[in-house]
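Student: I would like a close look at one part of this model, the open sheet and what surrounds it. Could you walk me through that region in one go?

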Amino acid sequence: AAALPHLKSIQAIGWAGLIEDLTRNVTRVYEREEILLAVLLTYCSPRWFRFNGEIIRGWIVAVIMGDSGSGKTQTYQRFAEFVNVGDTLSGLTSSRTGLAYALVEHAQKGWQVKVGRYPANSRKILAVDETQHLPDWDLRAISKAMEEGFLQIDRVQSRGYESQTRLILIANPKKDLIMDHFSFGCESLKRLFPPTVIRRTDFAVFANVGDIKDLSFINQKTGAAHASKVTPEAMRSLIYWVWNLRPEQVEFRPEAEDVCLARAKEMTEAYGYAADIPLVTLSDFRKKLARIAAAVAAVQVSASDDFTRLIVKSEHVRIAAEFLRRVY
């Protein structure tokens, strides 16, 4: 109940206003709305929901790939500090704790598994900065958990850990290349991630230093005063509201499902032929689109009158598809 005024305030600002406000007052990284949008959608993704007759994972796995100095890390870190929610792991130092797990030698008990930061943040959010420096096995170890929400470790002791973790992988292209080296941004993924991780990535955004995108589909910018309308408390209330929704509290409207399946078919026909970069594959793209649509609905606070349900409508699916079309 205490969160209601906060949720209503964000609903009233609208998401064009929200993105403009956060850009101006929090991240101060301009012309990079797609990075902020990627962060917001991942933060505001529900955990599970029913779609097309089955319960699917709702938590988002996003990749933000770009040149140094394109505002990737600042955008996430400033937002995380603003809301005071979210953990960050650096790929440069992660070998000590590991993303999935680390093996630690104990004087009396011998080798033991120390749980990594990915399962430790289950039901929450983790950003990995400098992902290009992570060891390959570490990424492979979490790839199955990215889909199933459960990390099985069969090393010294066979243990399983819940890993329903919203994940943002922030990376520069490998081997000191720059984004302009690639004719398509998605080619940079191939050098960095095993196909199993690319397949489970819901979306990737690419930032070239010299790039400015037209994101007018979010709605036109308003020329309002510069005072901040978004408070950390309101943003945090929205995040926790979404995180605590049970699957039956997320209502994916039947017509939204129809649009989602139709759009997924169109987009897999357009992008699905890139078999070596399985971001958009026939088998699971409709679920990726559904996850992004649910997060769009959450950022827009599309809720029932009493805020007990999140309602995903056709327009949210269209916005999700348009967002992907722009970044791909």
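Tutor: Happy to. Let's begin with a pair of strands: strand S3 (residues 61–66) runs parallel to S11, and five bridges join them. Here strands are DSSP runs of E with at least two residues, helices are runs of H or I with at least four, and both are numbered from the N terminus. Two strands count as paired if DSSP finds at least two bridges between them. Within this pair, Ile-64 sits opposite Val-205 of S11.

A word on the source: this is a predicted model, in which local features need pLDDT of at least 70 and side-chain atom pairs count only at pLDDT 80 or more, while totals for chains, interfaces and linings use all residues. Residues are numbered from 1 along each chain as its sequence is written, and side-chain values use heavy atoms, with hydrogens and water left out.

Now the whole sheet. Five strands make up an open sheet, ordered S4-S7-S10-S3-S11, with parallel pairing. Its edges are strand S4 (87–90) and strand S11 (203–207), each of which pairs on one side only. On average, neighbouring strands are turned by 15° against each other, direction ignored. Helix H3 (residues 72–83) packs on this sheet, where H3 touches S3, S4, strand S7 (125–129) and strand S10 (166–171). Contact here means heavy atoms within 4.5 Å. The direction of H3 makes about 145° with that of S10; axes are lines fitted to C-alpha atoms, for helices over the stretch in contact, and angles run from 0 to 180 degrees between N-to-C directions.

H8 has 12 residues and spans 16 Å from first C-alpha to last, close to the 16 Å expected at 1.5 Å a residue; the expected span is 1.5 Å times one less than the number of residues. Among the buried residues of H8 are Met-235, Leu-238, Trp-241 and Val-242. Buried means under 20% relative accessible area, exposed over 50%, and partly exposed in between (1.4 Å probe, protein chains only).

Searching the whole structure turns up zero disulfides, a disulfide being a pair of cysteine sulfur atoms within 2.5 Å. For Cys-44, the nearest cysteine sulfur is that of Cys-260, 19 Å away. Cys-44 counts as buried because its relative accessibility is 0%, and Cys-260 is buried too, with a relative accessible area of 0%.
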